[in-house]
Amino acid sequence: MHELVLTGTVVTCAGILHDGWIAVDHGRISRFGQGAAPQAAETQDYGDALLLPGGVDAQVHSRSQKGQEDFIWTTRSAAAGGITTIADMPYDDGFLVCNADRLRLKAREAAEQARVDFALWGTIAPADGPAHIADMAAAGACAFKFSTFGTDPERFPRIPADLLAECFSAVARCGLAAGVHNEHDAMVRAHIRRVAESGITDWRAHGLSRPPLSEALATSEIYEIAAATGCSAHVVHASIARGYELCAAYRRQGFDTTIEACIHYLTLDEEHDVARLGGKAKINPPIRPRREVEGIWAHLVAGNVTVVSTDHVSWSEERKTDPNMLKNASGAPSLEVLYPLFLTELSRRGLPATFAARLLAENPARLFRLSDRKGGIAIGRDADITVARPETWTYDPRASGNAFATWSPYEGRTLDWRIAATYLRGQRVFDGVEVLAEPGTGRFTTPERRGA
């Protein structure tokens, strides 16, 4: 007899099992199938609801602003949104995670707060070069983040091409992936000056200051460095269809290149949403015109999108509402609605939920070398399971009490799917209304050991 059996419509990367079931023992998936469910000490019948793999959000910023959400809130939002593992970025406010001691300290602090599991990105301080990469990998870094654009010289520095190549070589020796923020520094700075000189300050200013070519040039540089160093290279957010074409081209040549579509690039566009929301829709790279949105969807259907993520960050509202578009902080919260947003878009486009299993769970787990435990409905993996039921509802970030930010670019958006429950290692951490997991429930999740 099993400890727990969930019944519903089981969604894997390979297909959809109607009248399906998942058996759980000792926090892991022991069996799954179709038809009559096996006996269990506890059975939860979810009817026709989808039983999906718990989401692995590849890009979360829990500590970008001191005094804001921290892990106690990002992981609460994650649990409510069907996300069972977050990969947190290393650019914390006043604390760049650039050596093993800092990574271990962040892991300890996060473990006290986290309600779902978490992985941690590492990075470098430019003056250190790649000196600490091996030690951070040994301490459990899931990947390494760099940037071709200098957002801030200390908190979010630019890594020039020669140093980036050195770092890629070091990351390759660790068997991990290098993720890179993909904007050409010199071109963006030139365009920011031009926009300022033109006097344009409204919603148009951001897109004009970061043209598509600046993103394509940086993406090409990243993949060329990867080709030269043998490093697994991941572009962490591509807002233009050309980025996916480039990634696919390098993959055809035999290089391990991957690419990420944040949920905002699939659901928002410049001419409608940025024009309406202003600073609340300011994100780097920018949200693009509808033609680019549709171009990315075409690549998603073709299999050229590796991962879908949030790039979640809950800036305080005053940092997102300046009338001068360029003075606003970049980024938006969306952890609570990643799965509902993506499932809604898939169903409206007539696409199967298997895309969600692959792009929100299986592929990000593989990217971070976590596939031995995370990312799918598979025997032996952690019983991280998201239950999504069809329901028409309107998102209000204030209504649930599970999001730190009281604003969202998705406020007022009608969604067709709602999270009915979230299970972490077989434990129900969200019941469809309340987050049940206490801080400290989540664990630091580290990669399988690979490489030298």
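**Packing of helices and strands**

Tutor: Helix H12 (residues 338-348) lies across strand E4 (40-53), strand E15 (385-394) and E16, and runs at about 130° to E16. The model is predicted: local features need pLDDT of at least 70, side-chain atom pairs count only at pLDDT 80 or more, and totals for chains, interfaces and linings use all residues. Residues are numbered from 1 along each chain as its sequence is written, and side-chain values use heavy atoms, without hydrogens and water.

Student: Why are H7 and H8 called roughly parallel to each other?

Tutor: The axes of helix H7 (residues 212-229) and helix H8 (residues 241-252) come within 9 Å and cross at roughly 15°. Angles under 35 degrees count as roughly parallel, and H7 and H8 are therefore described in that way. The contact (heavy atoms within 4.5 Å) involves Ala216, Thr219, Ser220, Tyr223 and Glu224 of H7, and Arg242, Gly243, Leu246, Cys247 and Tyr250 of H8. Its residues divide into five nonpolar, three polar and two charged, with Gly counted as polar and Tyr and Cys as nonpolar.

Student: What makes E3 and E17 the edge strands?

Tutor: Two strands pair if DSSP finds at least two bridges between them. Strand E3 (28-34) and strand E17 (427-430) each pair on one side only, in an open sheet of seven strands ordered E3-E2-E1-E4-E15-E16-E17.

Student: How do you know that E16 and E17 pair?

Tutor: Strand E16 (residues 414-424) and E17 are joined by three bridges in the antiparallel sense, and at least two are required. Arg428 in E17 is the bridge partner of Tyr423.

Methods: Axes are lines fitted to C-alpha atoms, for helices over the stretch in contact, and angles run from 0 to 180 degrees between N-to-C directions. Helices (H or I, at least four residues) and strands (E, at least two) are DSSP runs, numbered from the N terminus. Angles under 35 degrees count as roughly parallel, over 145 as roughly antiparallel, 65 to 115 as roughly perpendicular and the rest as oblique.
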